[in-house]
Amino acid sequence: MKEIELRNVKGCADYSPREQFIRNYISDTLKKVFEKYGFKPLQTPILCYYDLLALKYDEENDILKEVYKVTDQGNRNLALRYDLTVPFAKYIAMNQNTRLPFKRYEIGEVFRNGPVKLGRDREFIQCDVDCVGIEGQLIEAEFVALYVEAYKNLGIDVVIKYNNRKFLSGIIIEAGISEELISDTITIIDKFEKMTKQELEREFQKIGLNDEQIEKLFMYLNMNVEQLVNIENKNKIFADGIEELNILKEYIEKLGLLEYVQFAPSLARGQEYYTGTVFEVYVKDGSITSSIGGGGRYDKMITDFISNGTIYPAVGVSFGLNVIYEILKNREEFTEKALTDIYIIPMGTEIECLKIAQIMRNAGYKVEVEMKNRKMKKALDYANVEHIPYVFILGEDELANNCIAIKNMEEKTQKQISIDNIVEEFENI
């Protein structure tokens, strides 16, 4: 037999039942919030045509460098999806009879051949919510409310940073920089909190900006929303961005969510398809430095896909399941959580125990039956290790008396109940 080293591909992982339980808990929690806000489930293919994923970018773009390219037997150029937004845009373009506005959520695997670090793998789960067909900041404020509720339900204190791509483009024009350099300038601005002022100045100089332009950029990037609103004679893009920021802030304040948000004038998000408001979510205590969620408005993507003269305004946000998992995995409520409610030990009563297991499962309990004929001590040791709260023991004497022994593993107590009324009596223990 051929020998092979057993290992996972870098950036891919196996998850044990307990680990996967936590990941399922995250996705289940998010689904409930998504559906509460009127979002409907959608599923799109993992395998896509490469040209579709590359449509918005040139070949040198960092995103395309991380795409996993594959070919099929017909030698077609395919790729594994790197996010859920482009496939969503494709879905709307292929289903133009979809009633708008359309609110969807999708939880699925995506793949990026990029650097691996805590909470960022090469195969990972994205949890996306998107809405197409609504303009303005009202829907964006609802996304902020959704973010707050979802992370609160997960027990994570967060700060939601927000900005506006029109504002960023506007300050660049206001600083006297040519429109051809807007994209390159925004890419550098996005590193504002990660680099020193001197490092940023050098980066700006590399793309051809002069000292006066650089100083104006720094001036605007250090202002708050109130200061920006009072600037007179702003160019239209700048003015539109400020107005959108101001309206969004007013909505957030009226929703009572201002304590959860922070205006971040240098926040750009790398994707070029964003056209307005952008969001990134961070753990409030800074225990994880990377974002745990993000998104924004992208009015041109679906519009350009369909290209029928109609505008398809869209906005969406994403939750990073892998990084959320890293936050929750060591919490006591998960490390000690039982995956099974009841463990039944037969003593010469195997088929009767299977019948009882079915009765308890039908009542909504998670039930295991001992089938390896382990001795009582070893069977009870297993229940303890797995934190199973209740053990049912059924011997031939109990069966003859139409009763079963119920052992409470935490309280170390035991009592007998009737088999005929097993569900009712168990629930009243």
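The model is predicted: local features need pLDDT of at least 70, side-chain atom pairs count only at pLDDT 80 or more, and totals for chains, interfaces and linings use all residues. Residues are numbered from 1 along each chain as its sequence is written, and side-chain values use heavy atoms, with hydrogens and water left out.

**Overall form**

The protein contains 18 helices and 16 strands; these are DSSP runs numbered from the N terminus, with helices (H or I) of at least four residues and strands (E) of at least two. Along the principal axes, the C-alpha atoms occupy a box of roughly 90 × 60 × 50 Å. The radius of gyration of the protein is 28 Å, whereas a compact globule of 429 residues would have one near 22 Å. That radius is taken over C-alpha atoms, and the globule rule is 2.2 Å times the number of residues to the power 0.38. Of the 429 residues, 48% are buried. Here buried means under 20% relative accessible area, exposed means over 50%, and partly exposed lies in between (1.4 Å probe, protein chains only).

**Salt bridges**

Side chains of opposite charge can pair when their charged atoms come close. A salt bridge is counted when a side-chain nitrogen of Lys or Arg lies within 4 Å of a carboxyl oxygen of Asp or Glu, and the count comes to 19 salt bridges.

| Salt bridge | N to O distance |
|---|---|
| E203 and K206 | 3.3 Å |
| E212 and K216 | 3.9 Å |
| K329 and E326 | 2.9 Å |

E203 and K206 both belong to helix α8, where they are three residues apart, about one turn of the helix. E203 is partly exposed, at 21% relative accessible area, while K206 is exposed, at 66%. In helix α9 (residues 211–221), E212 and K216 are four residues apart and so are separated by about one helical turn. E212 is exposed, with a relative accessible area of 54%, and K216 is partly exposed, with 30%. For K329 the relative accessible area is 28%, and this residue is therefore partly exposed. Beyond these pairs, R81, R104, E106 and D130 are linked in a network of salt bridges.

**Surface patches**

Patches are made of residues with over 30% relative accessible area and no salt bridge; like charges are joined within 9 Å, and nonpolar side chains (Val, Leu, Ile, Met, Phe, Trp, Tyr) within 5 Å. Accessible areas come from the Shrake-Rupley method with a 1.4 Å probe, and for residues only the protein chains shown count as cover.

A nonpolar surface patch is formed by I351, L354 and M371, which together have about 300 Å² of accessible area. I351 is located in helix α15 (residues 350–362) and is exposed, at 52% relative accessible area.

D62 is placed in helix α3 (residues 62–65) and counts as exposed, at 54% relative accessibility. D62 and D190 are 128 residues apart along the chain, and their C-alpha atoms are separated by 14 Å.
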